[in-house]
Amino acid sequence: MVDSATSTLGQTLYAPQLSATSIELRQSLQGERILAAIDVGTNSVHMVVVKIQPELPAFTIIGREKDTVRLGNFRPGTNCLSDEAMDRGIAALKRCKQIADSHQADDIVTVATSATREATNGQVFIERVKQEVGLEINLISGLEEARRIYLGVLSGMELHGNPHAIIDIGGGSTEIILGTGERHRFLSSTKVGAVRLNAQMVTSNPISKEEFLQLQAYVRGRLEPNIDELKTKLDKGEPLSLVGTSGTIESLAILTAIDKLGALPARLNGYTMTIGELEKGIHKLRRMSFSERLKLPEISARRAEIIVPGAVILKEAMRMLDVDRITICEHALREGLVVDWMLTHGLIEDRMQYQQSVRERSVLKAAKKYRVDNPHSQRAAKFALALFDQTRGVLHQWGPLERETLWAAAMLHNCGHFVSHGSHHKHSYYLIRNGELLGFTSNEIELIANIARYHRKSMPKMKHDPYKALTKEHRKIVSQLSAMLRLAVGLDRRRMGAIATFQTTYDAKKRAMTLGFTPTDRQDNCELEVWSVNDKKNYFEQEFDLTLMLEQTT
């Protein structure tokens, strides 16, 4: 069973040991920080504002905002966000930003999920938000959404090392996760959500018996593959508990609690609803008209419209998972965004240590999937990071996050060979961009893909659409880090580790840098590696406005 945390507003997560990168990040985060996390969903825009105490580390929720905007109400007969829905979304985000600003938030993290991700004009909405609100929206994949939901749940509940399925029913998709409080065992996202189902399958009011049966069958068919796969991740005889998060599940729990207790539960976080209570509630709801559902306590007009499809999703999931009850968790994606920010900034490395390396594991998994020459990529990454470290504060001022981006690009720069040798750098861009790297935002994935794309051949140009679409700062990151990656690749031209180490020295007066390298074999003059670096160095020289020379050291 799940135990709710002692406080639903804060969770202390200790970090007894810190990596060098984490120490550097933590030193830049001394003192309390205010963070706003915004989830732009298919049905609603949600925001939490939290106070982070880095020295613990812990966070406490100090503000919330929610607005039902129905982005998922697409233009009839199209896969486009309607102008009205975008206007509602922008108005809600303006209010969120005003609230965040009133709390003097140090940072605002904004992500968009199913509706914006799938809409053909989703990028138009993102650009409007940037121009009209001043917020940068990061699109996240369904699997990344599931991962962050898991983080959010772990910040609000203790799973005690026992297997728990976690279900989040959104407007456009349903995420189902399996975990024990350690590294997740399974992540899934299915394109079946309360708003989507209501728009596609419900025309009667009250819902007719025929439509209700069709709804049940459709939901079962869509959820079955992922639930069947989740079950394969359980050990034989291992008991499974279920945790539910999202507005739909909370509303159903409130309705069944009022029916059973005659009042709201004292605490929703940790409240348990049985499948029998849920089925009784569904039996009642599906016979009600929309106007009758509107009269129910604690249910808004927007929720009343989609509550039946959402309840069907939950019931069918519980049936297929063979669980007879569900425990409510009020922490979800928004809190997961906070935890992910803390992980990224090196503030959590104990109870959730497994998540600290999620980005690294995701990159290594992609490298294996695309059959990357791992020894070569490791050497290229080592050289790229050495060049980054030795020139930091001299040629550039980038920090640990950009360093990690360079590492990921170096590890995956040659993954395009999986498609074809010809123009493999372009294929690398495509594979990285569409590979669903977990732990990274869409902006970070775009940076990694661009850096890898420019490890050879043409330098970045404004006529290249992906590069042109980047912000000015991100274009600078791509230009400078891809220039470093080119040299790093050249230093391992024969892919045999001919060069062991190197050391750079910089003469500011002459605007000249010398790269002194040490061969692995002192009898090897590394002629091919020297030729390769000299062939590639023009881009580096141009980017950093200097002259680069190579010399062998003993």
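In which helix do R147 and E144 both lie, and how many residues apart are they? Both lie in helix α5 (residues 142-156), 3 residues apart, which is about one turn of the helix. This is a predicted model, in which local features need pLDDT of at least 70 and side-chain atom pairs count only at pLDDT 80 or more, while totals for chains, interfaces and linings use all residues. Residues are numbered from 1 along each chain as its sequence is written, and side-chain values use heavy atoms, with hydrogens and water left out.

**Overall fold**

- The protein chain has 21 helices and 17 strands, taken as DSSP runs numbered from the N terminus (helices: H or I, at least four residues; strands: E, at least two).
- Along its principal axes the C-alpha trace spans about 85 × 50 × 50 Å.
- Of the 554 residues, 57% count as buried, where buried means under 20% relative accessible area, exposed over 50% and partly exposed in between (1.4 Å probe, protein chains only).

**Salt bridges**

- The count comes to 31 salt bridges, each being a side-chain nitrogen of Lys or Arg within 4 Å of a carboxyl oxygen of Asp or Glu.
- E118 pairs with R196, the closest N and O atoms being 2.7 Å apart; because E118 lies in helix α3 (residues 114-118) and R196 in helix α6 (residues 194-201), the pair ties together parts that are 78 residues apart in sequence.
- R147 forms a salt bridge with E144, with the closest N and O atoms 2.7 Å apart, and R147 is buried at 0% relative accessibility, as is E144 at 1%.
- D373 forms a salt bridge with R495, the closest N and O atoms being 3.3 Å apart.
- Salt bridges that share partners join E144, R147, R148 and D340 into one network.

**Positive surface patch**

- R183, K233, K365 and K369 form a positive surface patch, a patch being made of residues with over 30% relative accessible area and no salt bridge, with like charges joined within 9 Å.
- R183 is found in the loop between β10 (174-179) and β11 (186-190), and R183 is partly exposed, with a relative accessible area of 41%.

Technical notes: Patch = residues over 30% accessible without salt bridge, like charges linked within 9 Å, V, L, I, M, F, W, Y side chains within 5 Å. Areas by Shrake-Rupley, 256 points an atom, 1.4 Å probe, with all protein chains shown as cover. Lys, Arg positive; Asp, Glu negative; His and termini not counted. Charge placed at Lys NZ, Arg CZ, Asp CG, Glu CD.
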